[in-house]
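Keep the viewer open and follow along.

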Amino acid sequence: MNVTLLGSGEAVGMPAPLCDCRYCEEGPRRRRPSLLVETDRATVVLDVSPDIKEQLHATGTADVDAFFVTHHHFDHVGGIHELLHAAMGFDAHVGTDYLPDETFEEAQQPDDPEFDVYLSETALGHVEESNPHVLDVLDLYTIAHDDAIGIGDLRVVPFPVEHARPTFDTLGFAVYCGDSKVVYAPDMWEFMDDTEYRNADLLVAEGAALFRAFGHGEEADLRQALAEADADRTVLVNLSEHLQRMTTEELRTAAAQEGYELGEDFAAFQL
């Protein structure tokens, strides 16, 4: 199972909009959170960030079996419009019905992607309210806590986490392939009464409250949650030099002192 961290930042990313502070000037690019999981038989993406088009092109990913959404906040679902354009298909998107047949040779036409999108009932409700037109094009499916979704040789299991409830039923995801397990919970104040998050080979999780963060839960709660997860390897995301007012090296050192790693865009892991 190959895992690529597509984005390590928080809601606004790095650099922050209209900001020329030294942290934005000197810090690395941090795209909004998303995770790519691949095997020879399946490809899934966790979260559809506003940067998803750039992220997938950067990894050379043009064939995805399914996308999974943690919750309906812009930094996790804003890229759904990019999926909408992809799902329209080449003919509809380019408008070949209005062009002469000889305009495009068959070899010039890309394969139309086919993929499913899984999200909670509350997330679907927000999509229906804010962007109802996407329902006519995208294949959207609701998932409940602990429902196991089989995608090729992958098994994806959603579980609830504490973040922005009750307005949003925020999820984390455990992805299994054989004996390997990666857990993804990028926005998470603390875990809830569930065990899916425990004992992962790789945990990609919220780290903001550990380092001078505001509005993302209490430090003590997050610290306890990460400890209870007991992952072999923990990578922290939802971080920003701009918001934390820390340099990259300061963040990396602080994470290492806790026994964790600082997430970096396009970092690759093999499980």
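Asp63 sits in the loop that runs between α2 (52–58) and β4 (66–68). In this predicted model, Asp63 has a relative accessibility of 57% and therefore counts as exposed. Asp63 also belongs to a negative surface patch, together with Asp65, Asp111, Asp112, Glu114 and Asp139.

Now for the charges that pair up. The structure contains 12 salt bridges, and the table shows three of them.

| Salt bridge | Closest N to O distance |
|---|---|
| Arg32 and Asp51 | 2.8 Å |
| Glu219 and Arg223 | 2.5 Å |

Arg29 is partly exposed at 39% relative accessibility, and Glu54 is partly exposed at 32%. Both residues also take part in a network of salt bridges that links Arg29, Arg31, Glu54 and Asp265.

Next comes the salt bridge between Arg32 and Asp51. Arg32 is in the loop between α1 and β2, while Asp51 is in the loop between β3 (43–46) and α2, so the pair ties together parts of the chain that lie 19 residues apart in sequence. Are Arg32 and Asp51 buried or exposed? Both of them are buried.

Glu219 and Arg223 are 4 residues apart in helix α7 (residues 219–229), which means about one helical turn separates them. Glu219 is partly exposed, with a relative accessible area of 38%, and Arg223 is partly exposed at 28%.

From Arg223 you can look across to Thr247: the two are 24 residues apart in sequence and 21 Å apart in space, C-alpha to C-alpha. Thr247 is found in the loop between α8 (241–244) and α9 (248–257), and at 23% relative accessibility it counts as partly exposed.

Finally, the cysteines. How many disulfides does the count come to? The count is 0 disulfides. Cys24 is buried at 7% relative accessibility, and Cys177 is buried at 17%.

Technical notes:
Residues numbered from 1 in each chain as written. Predicted model: local features only at pLDDT ≥ 70, side-chain atom pairs only at ≥ 80, totals over all residues. Heavy atoms only, no water. Patch = residues over 30% accessible without salt bridge, like charges linked within 9 Å, V, L, I, M, F, W, Y side chains within 5 Å. Areas by Shrake-Rupley, 256 points an atom, 1.4 Å probe, with all protein chains shown as cover. Salt bridge = Lys/Arg side-chain N within 4 Å of Asp/Glu carboxyl O. Lys, Arg positive; Asp, Glu negative; His and termini not counted. Charge placed at Lys NZ, Arg CZ, Asp CG, Glu CD. Helix = DSSP H or I, 4+ residues; strand = E, 2+ residues; numbered from the N terminus. Buried < 20%, exposed > 50% of the residue type's maximum accessible area, 1.4 Å probe, protein only. Disulfide = S-S within 2.5 Å.
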